[in-house]
Amino acid sequence: MKTRITEMFGIEHPVIQGGMHYVGFAEMAAAVSNAGGLGVITGLTLGTSEKLAAEIARCREMTDKPFGVNLSFLPSVTPPDYPGLIKSIIEGGVKVVETAGNNPAKWLPALKEHGIKVIHKCTSVRHSLKAEAIGCDAVSVDGFECGGHPGEDDVGNWVLLPRAAEDLKIPFVASGGVANGKQLAAALCMGADGVNMGTRFIATKEAPVHQNVKDALVAATELDTRLIMRPLRNTERVLNNAAVERLLEKERTKGADLKFEDIIEEVAGVYPRIMKNGEMDAGGWSCGQVVGLIHDIPTCKDLIETMVREAEEIIRGRLQRLVA
């Protein structure tokens, strides 16, 4: 299956593993890349340029296939060492960077100078067009179904993807709500050149997270996610749990007076406790509605190969028969 994305990134299958906090370590990225997709290390989880450099080197020992690094550019009182992180990416020979958050224009020249392809995550067509205008090579179009931050427009991929196809000239992938070959085929039909998956890859054998996290994903349904921090216009889709219910009650009670400090206990520093220690009620953690389609914990190889085989069967079989 060849698309503009497989050609651009030098991968076998049009499947990307998106950046995920405390999930996107070398084990995760290497497993996806070895399976023919594009694995991605999450830069801000490592935190420092030295740790990121070591993680890139560790990933190189696990795979000889292309892999990328995710860098989210977020407002912060004490910003990460972005110049140092980018230096580690360049010196590590990484050829794909997934950017997210704020406009990455400031950092593009350094990446482009070293032949690094940049795919920027966007939650709207207008932001996708901006990414194209500043020189990003591709876009990850993130629908309202996604885990993490879906933006504030609330447009699902059934509309967002064909809208992106109308306006974008650069390749784009469907992100949010993807778990199987039916959706890969549908994304290609709507103009995407591949898919980006986060939540689905957490429920794999190689994902370096506590078994409690994987079991929670298998047990959950599509009705078990919640939107938090909407009053702060920093909306995040998370899996429901006791801490999330407490947080939502604070939002209801405080209304327009809500401040981040009011919910800090439920959202700050919770990822290590959840992902490493398996404390499932520690706080809110990103999870997409696609959780309703997760019923098993396969290897990354089995997951990707099953997806691609199913998509090819639909394209060559059912769709072909409909027009024969």
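**Strand 10 and Glu236**

Me: What makes both faces of strand 10 count as covered?

Reply: Glu236 and Val238 on one side are buried, and so are Arg237 and Leu239 on the other. Buried means under 20% relative accessible area; exposed is over 50%, and partly exposed lies in between (1.4 Å probe, protein chains only). Strands (E, at least two residues) and helices (H or I, at least four residues) are DSSP runs, numbered from the N terminus. One caution: this is a predicted model, where local features need pLDDT of at least 70, side-chain atom pairs count only at pLDDT 80 or more, and totals for chains, interfaces and linings use all residues. Residues are numbered from 1 along each chain as its sequence is written, and side-chain values use heavy atoms, with hydrogens and water left out.

Me: Why does Glu236 count as buried?

Reply: Its relative accessibility is 8%. The limit is under 20%, so Glu236 is buried. Glu236 lies in strand 10, residues 236-239.

Me: Which residues does Glu236 touch?

Reply: Leave out residues up to four places away in sequence. Then the list includes Gly148, His149, Pro150, Met229, Tyr271 and Trp285. Contact means heavy atoms within 4.5 Å.

Me: What makes the link between Glu236 and Ser286 a polar contact?

Reply: Their side chains are joined at 2.7 Å. A polar contact is a pair of N or O atoms within 3.5 Å; within protein, one must be able to donate a hydrogen and the other to accept it, and residues adjacent in sequence count only if both atoms are side-chain atoms. The distance of 2.7 Å is within that limit.

Me: What makes strand 9 and strand 10 a pair?

Reply: Four bridges join them, and the two strands run antiparallel. Two strands pair if DSSP finds at least two bridges between them, so this pair qualifies. In one of these bridges, Leu227 has Arg237 of strand 10 as its partner.

Me: What makes the phi of Met229 worth a remark?

Reply: Met229 is not a glycine, yet its phi is positive, near 65 degrees. Most residues other than glycine have a negative phi. Met229 sits in the loop between strand 9 (225-228) and strand 10. At 3% relative accessibility, Met229 is buried.

Me: Which value of phi does Tyr22 have?

Reply: Tyr22 has a positive phi of about 60 degrees, although Tyr22 is not a glycine. Tyr22 is in the loop between strand 1 and helix 2. With a relative accessible area of 19%, Tyr22 is buried, under the 20% limit.

Me: Where is Asn241, and what does its side chain reach?

Reply: Asn241 is in the loop between strand 10 and helix 12 (242-254). Its side chain reaches the backbone nitrogen of Ala243 at 3.0 Å. Asn241 has a relative accessible area of 9% and is buried. Beyond its neighbours within four places in sequence, Asn241 is in contact with Met280, Asp281, Gly283 and Trp285.

**The open sheet**

Me: What is the strand order of the open sheet?

Reply: Its eight strands follow the order 1-8-7-6-5-4-3-2, with parallel pairing. Strand 1 and strand 2 (39-42) are at the edges with a single partner strand each, so one side of each has no neighbour in the sheet. The twist averages 30 degrees from one strand to the next.

Me: What makes strand 2 and strand 3 a pair?

Reply: Four bridges join them, in parallel. The definition asks for at least two, so they pair. Thr42 has Asn70 of strand 3 as its bridge partner. Strand 3 (residues 67-73) also pairs with strand 4 (residues 96-101), in the parallel sense, over six bridges.

**Helix 15**

Me: How do you know that the length of helix 15 fits its residue count?

Reply: Helix 15 has 24 residues, 300-323. The expected span is 1.5 Å times one less than the number of residues. That gives 34 Å, and the end C-alpha atoms are 34 Å apart, so the two agree.

Me: Where does helix 15 bend?

Reply: The bend is at Ile314, by about 35 degrees. A bend is the angle between axes fitted to the seven residues ending at a residue and the seven starting there.

Me: Which residues of helix 15 are buried?

Reply: Among them are Cys300, Leu303, Ile304 and Gly317. Their cover includes strand 1 (15-17), helix 2 (26-34) and helix 9 (181-189).

Conventions: Axes are lines fitted to C-alpha atoms, for helices over the stretch in contact, and angles run from 0 to 180 degrees between N-to-C directions.
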